[in-house]
Amino acid sequence: MARNAVGIASPSLGRHLKGTSSRKKQARRERITRAKERAALVAVANSQTDLLSGLDAFRTYVCNELDVRVEAFSGPQLCESDIDACMSLLRSNMGTLYERSSWGWDEATKRAGLVDAATRVVLLRMQPTRPDLAACEDDWVIVEHPEHPPTPPPQRNVGFLHLSFTIEDERPVLYVLELQLEEEVREKGLGKFLMQLAEVLARKYGMEALMLTVFKTHKKALDFYRQKLRYAIDESSPSLWNHDADYEILSKPVEPQPQEITGGLAHDDMALSGPRDVAAKIARAVEDKP
C-alpha cells in the first residue's frame, strides 16, 4: 500500500524555501536601512543652526530697487515681534483663502507651526533708505557730526519663507509651507529668489524633492509655481486620485549635488563627504537598533 507523502518535503524544495526566506529578509533589511538613511538625512538638515552657512550670495537681495537682508532662523529662535509680523502678513495675504477652504483659518495652529522646532523660517528685512549726501553749489559737503549720529529708521519685515525638512511618501523632501511677501515687494524677482534658495538648500542637504501645497483658487500662485518654476502635480495630490479637494500638492525633483561642491556645510563630516554619506554612516551606526 502506498504511503501518504503529505508533509514530507524534498531537499530541493527545502533549499528553495530557505532561499526565498533569505531574500525576503535581505529585502527587509535593505528597506529598513533606506528608511534610516532618509530619516538621518532629515536629522542632519534639521541639526544645522544657520541654513545660510556657506550661502552668502543669498544673504542679501539688492535688485529692482529693493535692498533686502535675508536671515534664517529655527522656529524656536523667532522673537515675538517677528512671529507677530509673519502672522499678520499671512493673515492679510491668505486669511480669506483659508476661510473659504475646507481647512478654515486656524490662527493658533498656524502660529504653533511657525515656531515648531522642526521648521525653519527665512525672514526678509527691508533695509532703511538713507538719503544721499548732497553737495552745495560751492562744492562744500554736508557732514553729519560723528558724536550725534541720527537714529536710522528701523528695518521692516517684508516677507518670509517657511520651510520644513521632512519625510513624504518615503522621500526626504524640503516642504515649502509658506512663501509670503508684502505687496510692495512683489513682482520684483524676490519670490523666485527665495524659491531658488529653497532649491539650493534641498540639494545641499540631500533631499530628493521640494514640495508645496497651493489652493486651486489661487490662480496666480499656481501659475507661478507650475509655469515659471516648473513644479508638477505630485503623485500624492488628491486630483490624481479622483478625490475632490480644493488644493493641489506640487513637487519638483532635486538633481543630486556633484561631489566636488558638497563642502561648506557646518557639519565637519558632511563637508568632507556630502549629506548622503553622513546619513548612510548614521544609518549604519543604528542599523541594529529598532
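I began with what lies over the buried residues of helix 2, and I found that the cover includes helix 3 (107-114), strand 3 (119-126), strand 4 (156-168), strand 5 (171-181) and strand 6 (209-215). Here helices (H or I, at least four residues) and strands (E, at least two) are DSSP runs numbered from the N terminus, and buried means under 20% relative accessible area, exposed over 50% and partly exposed in between, with a 1.4 Å probe and protein chains only.

I note that this is a predicted model, in which local features need pLDDT of at least 70 and side-chain atom pairs count only at pLDDT 80 or more, while totals for chains, interfaces and linings use all residues. Residues are numbered from 1 along each chain as its sequence is written, and side-chain values use heavy atoms, with hydrogens and water left out.

**Helix 2**

I listed the buried residues of helix 2 as Asp82, Ile83, Cys86, Met87, Leu89, Leu90, Met94, Gly95 and Tyr98. I then looked at the ends of helix 2 (residues 80-99), and its 20 residues place the end C-alpha atoms only 25 Å apart, short of the 28 Å that a straight helix would reach at 1.5 Å a residue, where the expected span is 1.5 Å times one less than the number of residues. I also found a bend of about 50 degrees at Asn93 in helix 2, the bend being the angle between axes fitted to the seven residues ending there and the seven starting there.

**Two loops**

Asn64 sits in the loop between strand 1 (60-63) and strand 2 (66-74), and I put it down as partly exposed because its relative accessibility is 42%. Asp169 also has a positive phi near 50 degrees; this residue is in the loop between strand 4 and strand 5, and its relative accessible area of 46% makes it partly exposed.

**Two strand residues**

I turned to Leu212, which belongs to strand 6 and counts as buried because its relative accessible area is 2%. Leaving out residues up to four places away in sequence, I found Leu212 touching Tyr175, Val176, Met195, Tyr225, Tyr231, Glu248, Ile249 and Leu250, where contact means heavy atoms within 4.5 Å. Between the C-alpha atoms of Leu212 and Leu174, which are 38 residues apart along the chain, I noted 8.7 Å.

I next checked Arg156 in strand 4, which is partly exposed at a relative accessible area of 39%. Apart from neighbours within four places in sequence, Arg156 is in contact with Leu124, Arg125, Met126 and Glu184.

**The largest pocket**

I recorded about 1,200 Å³ of space in the largest pocket, and of the 42 residues that line it, Leu179, Gln180, His218, Ala221 and Tyr225 are the closest to its centre. On a 1 Å grid over the protein atoms alone, a pocket is an open set of points where a 1.4 Å probe fits, with protein on both sides within 12 Å along at least five of seven lines, and lining residues have an atom within 4 Å of a point. Grid points are joined across faces, edges and corners, and a volume is the space filled by probe spheres set on the points. I saw that strand 5 supplies the largest share of the lining, seven residues.

**The whole chain**
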